[in-house]
Amino acid sequence: MERVLRSAQMAEITLLPVRHHSPACAWHVHKMIQLLKPSLVLIEGPNNANSLIPVMMHEDTKAPFAIYYSYHDKAQRLSEKAAHYKCYYPFLDYSPELVALRTAKESGVPALFIDLSYADILMASKDGQGMRSEQEKNNYSDDYLLSRNQFWERLCEQTNLRSFDEFWEKYFELNGLAESSDLWFSHLLDYCKMVRENTPLEVLEGEGSLAREAYMAQQIAKAAHEYGPQAKILVVTGGFHTPAIQKLLEEYVSNKENMPKTVEQIATDNQGVYLLPYSMEATDALNGYASGMPYPGFYQKVWEELEKNNEIESKLPSRTDCRVAGRMAIHTMEVEDFHCKLPSRTDCHMAIHTMEVEDFVYEEAVLAMLAQTGHDLRKKDEQLSVYDEICALTMARGLAALRGKIQPGAYELLDAALSSLVKGEYSLATELPIRLLQERMTGNAKGKLCHKADVPPIFQDFEQQCALLRIKPDSTLETEITLSVFSNKKHRQISMFFNRLLFLKAPFAQRIKGPNLQLKKDRNLIREVWRYKWSVEVAAALIDVSVYGSTIQEAAQILVKKELEKVNNARNSVWLLTRVFEMGLVDRIVPVYEQVEETILEDTDFYSLADALESLLMLEELRGLYQSELEFGQLVLLTIRKLVVLLPSMTQVKEESVTSCMQALKLIYQVTGKKNNDAFEQEREPFFDALSVMQADPQIHPGLDGCIHGILYGSGRQKSSVVEQACKGYMKGTKEQMMKTAAFFRGLFYTARDFVFVQKQFLQALDTFFAEVDKEEFMELLPELRMAFAYFTPMEIDQIAQEAAALHGKDKDSLMQAQAVLPDWYAYGNKLDHYGKEKIWQASRKH
Amino acid sequence: MEQQSMIKAPVEIRYREELMALEQTDDGRKPENWRMSPKAVRTFILGSATPIQYEGKEYTIRKKYLGNDALVERCIITLAGNRGLMLVGEPGTAKTMLSELLSAAISGVSTNTVQGTAGTTEDMIKYSWNYALLLAKGPCREALVASPLYIGMEKGILTRFEEITRTPAEIQDSLISVLSDKVLNIPELGDEGFLFAKPGFNVIGTANTRDKGVNEMSSALKRRFNFETVMPISSVALEKQVILNEVQQLAYENHIDMEPDEDVAKLLASTYHELREGISSIGQRLDKPACVMSTAEAVSVYYQTMISAYYYGNKEFRMEDLVQNLVGAVAKENKDDLEKVKSYFNTVIREKSKEGGIWKEYYEARRWLK
C-alpha cells in the first residue's frame, strides 16, 4: 500500500485522501480507523480550532455546523487596508473529517487538526487567490481543486457523464461503496495525483497549498517521532494535498536531517474561531459556494441508510467472516462431491456477491426522496398517483442499469422525476415536481450547538443589550412590541437595537409597521410595531459578523463602511445613510460621511442625485423627531451644487423621466428658497442661471419648458406675458409643436398653477385652442391634458369650470346637468345588457 | 427496398449494416421482443468511441442524435417500461428523427406510423374494414384492415404516432385503454374480438408545443405517457455539427457531389442560435422573430444554398444566396420578422464583419433582406 510510510524511528503513517463531503469516503474512513486501530488521528483543518473538538463531539451538537475562522489584520500584515477576513469550514454528518473525529472518539483515540492557523494560511496566500479570493463566502474545504482543470472534462467525455459530480458519484460513491477501503483510497489517490500533475506550480504557490502541505508534513513527522515506532498514525487530508504530503514525508524518511520547511508563523492574536450552526442550503454546492458535493439532503439520507446498515451489521458476524465461511462451505461441498444436490458454484458466488452489495442504500434513498416528493406534491393538490412514483423508481433503476451503475444515484433520481412525474411540456408551469424534489435533495436540516459552545464577545453584547432594554433574548415565542419612537427615549433605543440587528442580517426582530425611510413610505406613522423571537439563525448571524467587532454597534459601524465601499452611486449611498440614521449610529461616523460625500462627488447621474437629495432633505427634516445628532446640511448643499451643474445637459430627457426631472427642479427651487438657510440660498442664483441656459435650448422637452417657465414666473423673474407668449408659441405652432401643448401645460401647472387664475385671458386662449383643434387631435392630447389638470385641487377645478362655462354664457351647474333618459329607453337598454351578458356566458361555457 | 430509389430511405435501411452489427454483437439483456439490448440501442443513437468488429469488418457507430444524451437514455428506459413515450418540443428539434431511430433500433422498423392530422379518425388509429371482403365473408380477421397501432400490438413492435396534438382530443383518447390495459376490443369479431398486445409493443408520440392551443391532451392520456421535452440545441458548435451532418446526408441522398463548408455552417448556426435566444454572443439584446428558428430550418436554408452553389455557382457558396434563402425562411407569417433580421444584421453582423472574411461578405449581402 503506497499510502503507508514506515521507518525504524517513527510511527507508521497511513495517509487517507478524502473529498470533503462524500458519504462513501466517510464510510471508508470509518472502516479504516476501525481496522487499523491507530494511536492518533490527524485531520486537515486549521490548528487553532483544536480547542473546539470537544464541543464538536458533544452529544448535543448536531450537524450541519461550521467552524468559523476570522482574522482582523490590525497590524496590516496582509495589506494596508487592515481588513477583516473570515472563512467557513462546514461539517455534515457524512463529512469524512467529522466521521474521523467521531470514530476516533468512539475508539478512544486522540484526534487533532494539523493545518496552519487561518491567519497563517492567509499570509501564505497571494492577494485574490485561494482563501484570499474576492467572494462573498470563502470556504476552507477546497474540493474545487479536484475538478477545476481540463482533466476531468476529458474523463466525463470518455465516460459519457455530464459533470464531475456525476463522475464522482458513479465511480467513487455508487461503485465505491462495494469496493474494499484500501482499493477505494488507492483509486482516489491515483485520481488526485493526475489532477495535481495538471495544476501549475504558481497556482499552488499563490493559493498557499505548498506552505500548508509543508506545515502539515512537519506536524505529521513530529507526531510520528513522538509516538515512536510501535504506534500507528492515521492522517486524513484533502485528496489534492495528499500526494504532496506523501512526497514530503518520503523525502524526510529517506533523509532525516531535512525536516519539511514551513513558513514563519504569526501569533494567534486578532484571530477568532467559533462553531456556527449551519444549514443544508448553505452547504449545497449548487448555491454557489462550491463547498463540496451538491444535494446534501440526498446524501444525508444515503448516510443515514449506511449507518442503519452498520448497526444491523455490527450484530452479525463480519462480512469478511461470512465470505470466508461461504468459500469454505463451497470448498467443502466440492470435496464431498455434493454438487448435484446443492446450488451450483456460480449461484453461491452470486449469493456472496449479493451479500456484499445487498445494502442498496442508494436505492433506499432514491425511494425515500420519491415518496417524500410525491407526498409534497399531493399536499399542493397536484395530481400524482402512486403508480407515477412506481414508474419513476423503475425508470431510475433502468437508467442505472443502462449507465452501468450498481444502484440509481442522484442523477438517475432527477432524470426519473423529469420523465415520470412531470406531465406535459417541461416549463415553468409544470416544473413543480422537479423543484420540490430539488428542495428535498438539498434538505432543510439545521445544525445545533451544545450549551458549552464558546460564543464571541458580540454575542455577550447582544445578551447585555437585551437585559438593558428588557427584551427577552431567548424567547422562542414571537413577541410583539409597540414603540413610541418619537416620544419615548427607551423605545427609540430599542428600535435602534433592532435596526442594528437587522442590518447585521440577524433575524431576531422584524418591523411590522412604522415609517419606512428607505421607501419614503408611511412617514405619517408615529409608532413602530416590531415582532421578535430567538432562533438559532440569530446566533449564527452574530457569530458570522463577530469579526467586525466585539459589540453590535461596532460591527454595524464597520459593516456600514464596508457596504459603502461597494456602493457606487449617490442614491444607494444615501439609502445606506437612512439606515445609519435609523440605527442611530453616531460614534466614528465621520468616515461614513466622507465616503458618502465622495460618492456624491463622483456621481454624474442626475436622477440618482435627485433621489439622494430627496432622501437627504427628509433626513434633515426628521432629525428632531429621531433625536439624531447627525448633520446633513453639508451633503444637501453638495448634492444641490452637483445637480445645478448637471442641469443644462438635461433638456432633452426621455418621456419616462420627465416627471422625476420636474420633481428635482421643484425640489431645488423649494430648498434654495428657504429663508432660514443662507448657504442654500446662495445656490439660488446659479440655479436660475442654469434654468436660463436650459430655456435657451430650442430642443428642450416641452414639459420641462413649462416647468421652468412656471418657476421663473413664480419667482418673479419672468413676466406673465413671457409665459403667455410661450403658451401661444406652442398652441399656434406647426402641428407637431401644437401637439406638445399639453405636455407644456403639464410642466407649467406643476410649478405655477396659480397662473391660470391670475391671468384671466389664459383660459380664453385655451378655449380658443380647443375650438381650433379637430376631434382626433383633441383625443390625442387628452391623456396629457388630464395629467396637467390633475395638479389642481378640487376647489380650483371647480373655479376653472365656472370660468370656462362663463366663456360660453353658461354657469357651472349647467355643465353638470345631463339630459334625462326616458324610462322605456332605460329599461330597453338594461334588457339588452342582460341579453348580451347571458350570451357571452353561454358561449364561454360551451368552450 | 433499394435505398437509392427513394428520396429518403427509412432509418432501418439507411443504417442496415450498423444495426446488423450491433444486433449480432450485442450481449446485453434484452427486453422481450426487442431486437437489441437498451445498451446497444444507446450505442446506435449516441455512437461509440470504439468500433465494433463484426464478420471481419469494423463498424464505427456515429453519433446520430446530438444534444442531450440523458434524454435519449430516459427515452430508452421509458420504452422498456409500461408507459408510452411522448416527445414534445418546438418544431424542428429532431423529435421525429429520434423516434425513428428508437423504433428502428428497438423493433427493426420505423415505418409503423400514424400521421396525426385534424382529419384523423378513430378507425385510422384502431382498425377499419375492407368492405368487399366484409360483405363476402362477414366480419373476420381477413376483412379487417389493421392500423399501425393494431400491427404494433399484434407483432410486439413500436408504433409511432406523429403530431398527436393535431388530432382531435376525443380521437386521441382512443389510445387510453390500449395504453393502460394493452388490449384492443373488436366487438365485430365476437368472442375472438380481443387483441392482446404482445411484449415489445409501445407507443412513441410526438407533439409540437406550438400546436398546444389546437388540441390539448386530456390528463387521462397524459398519465399514460412519460413526457420528454426536447429543447433546441444549446451550443453553436453542436448546432453547426448538426447542420453539417444533415446536409451531408441530404447531399448524398440527392447525388450532389459537394462537400459542405464548415465556416458557412458555423455562421448560419450562430445566426439561428442568436436570433432564437434573443441575445448575441457578446451579449447584445436582440428582437426575437416570431417564426420558428429551428435547426431544421437552418439545415434547409443551408441545403438550398448548397444546391444553388452546385448547379449555378461552380460549387462555391455565395453569401447572397444564403441571405436570400434566409429571407425565404424567415418572412413567412409576419412582416416584422424581416425587420428584426435586418436590425440583427445592422448590429450583430456589422460588428462581426470587422473580422473580415465570410462575415464581411455576409454583412454586405444584407441588401437582399427585403
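What share of the contacts in chain A with a separation of 6 or more comes from residues 24 or more positions apart? Such residues account for 76% of those contacts. The model described here is predicted.

**Chain A as a whole**

- Chain A has 847 residues, and 53% of them are buried.
- Its secondary structure consists of 39 helices and 11 strands.

**A mixed sheet in chain A**

- An open sheet in chain A is built from 5 strands in the order S1-S2-S7-S3-S6, and its pairing is mixed.
- Strand S1 (4-5) and strand S6 (111-115) of chain A are the edge strands, and each of them pairs on one side only.
- In general, the strands of a sheet pair through backbone hydrogen bonds, and they do so either parallel or antiparallel.
- Strand S3 (residues 40-46) of chain A runs parallel to S7(A), and 4 bridges join the two.
- Within this pair, Leu42(A) has Val235(A) in S7(A) as its bridge partner.
- Helix H1 (residues 23-36) of chain A lies across strand S2 (12-18), S3 and S7 of chain A, and runs at about 165 degrees to S2(A).
- Helix H10 (residues 242-254) of chain A also packs on the sheet, where it touches S1, S2 and S7 of chain A. The direction of helix H10 makes about 160 degrees with that of S2(A).

**Gly238 in chain A**

- Gly238(A) belongs to strand S7 (residues 232-238) of chain A.
- Is Gly238(A) buried or exposed? Its relative accessibility is 4%, so Gly238(A) counts as buried; the cut-off for buried is under 20%.
- Leaving aside residues up to four places away in sequence, Gly238(A) touches Val18(A), His20(A) and Glu44(A).
- Gly238(A) and Pro17(A) are 221 residues apart in sequence, yet their C-alpha atoms are 5.5 Å apart in space.

**A parallel sheet in chain B**

- Chain B has an open sheet of 5 strands in the order S4-S7-S10-S3-S11, with parallel pairing.
- Strand S4 (113-115) and strand S11 (225-230) of chain B stand at the edges with a single partner strand each, so one side of each has no neighbour in the sheet.
- From one strand to the next, the twist of this sheet averages 15 degrees.
- Strand S3 (residues 84-89) of chain B is joined to S11(B) by 6 bridges, and the two strands run parallel. S3(B) is also joined to S10(B) by 5 bridges, again in parallel.
- Val88(B) has a bridge partner in each of these strands: Thr229(B) in S11(B) and Ala207(B) in S10(B).
- Gly89(B) has Val230(B) as its bridge partner in S11(B).
- S3(B) is mostly covered, with 6 of its 6 residues buried. Gly84(B), Met86(B) and Val88(B) point one way from the strand, while Leu85(B), Leu87(B) and Gly89(B) point the other way.
- Helix H4 (residues 69-80) of chain B lies across S3, strand S7 (158-162), strand S10 (202-208) and S11 of chain B. Helix H4 runs at about 165 degrees to S11(B).

**A surface patch in chain A**

- Val821(A), Leu822(A), Trp825(A) and Tyr826(A) form a nonpolar patch on the surface. Together these residues have about 530 Å² of accessible area.
- Val821(A) sits in the loop between helix H38 (812-816) and helix H39 (823-846) of chain A.
- Val821(A) counts as exposed because its relative accessibility is 54%, and the cut-off for exposed is over 50%.

**Backbone details in loops**

- The peptide bond that joins Ala63(A) and Pro64(A) is cis, with omega about 0 degrees. Pro64(A) lies in the loop between helix H2 (53-57) and strand S4 (65-72) of chain A.
- Ala94(B) is not a glycine, but its phi is positive, at about 70 degrees. Ala94(B) is in the loop between S3 and helix H5 (95-107) of chain B, and it is partly exposed, with a relative accessible area of 31%.
- His255(B), likewise a residue other than glycine, has a positive phi near 55 degrees. His255(B) is in the loop between helix H12 (236-253) and helix H13 (262-277) of chain B, and it is exposed, with a relative accessible area of 54%.

Definitions and conventions
Residues numbered from 1 in each chain as written. Chains lettered and ligands numbered in written order. Predicted model: local features only at pLDDT ≥ 70, side-chain atom pairs only at ≥ 80, totals over all residues. Heavy atoms only, no water. Pairing = 2+ DSSP bridges. Axes fitted to C-alpha atoms, helices over the stretch in contact; angles between N-to-C directions. Contact = heavy atoms within 4.5 Å. Patch = residues over 30% accessible without salt bridge, like charges linked within 9 Å, V, L, I, M, F, W, Y side chains within 5 Å. Areas by Shrake-Rupley, 256 points an atom, 1.4 Å probe, with all protein chains shown as cover. Salt bridge = Lys/Arg side-chain N within 4 Å of Asp/Glu carboxyl O. Buried < 20%, exposed > 50% of the residue type's maximum accessible area, 1.4 Å probe, protein only.
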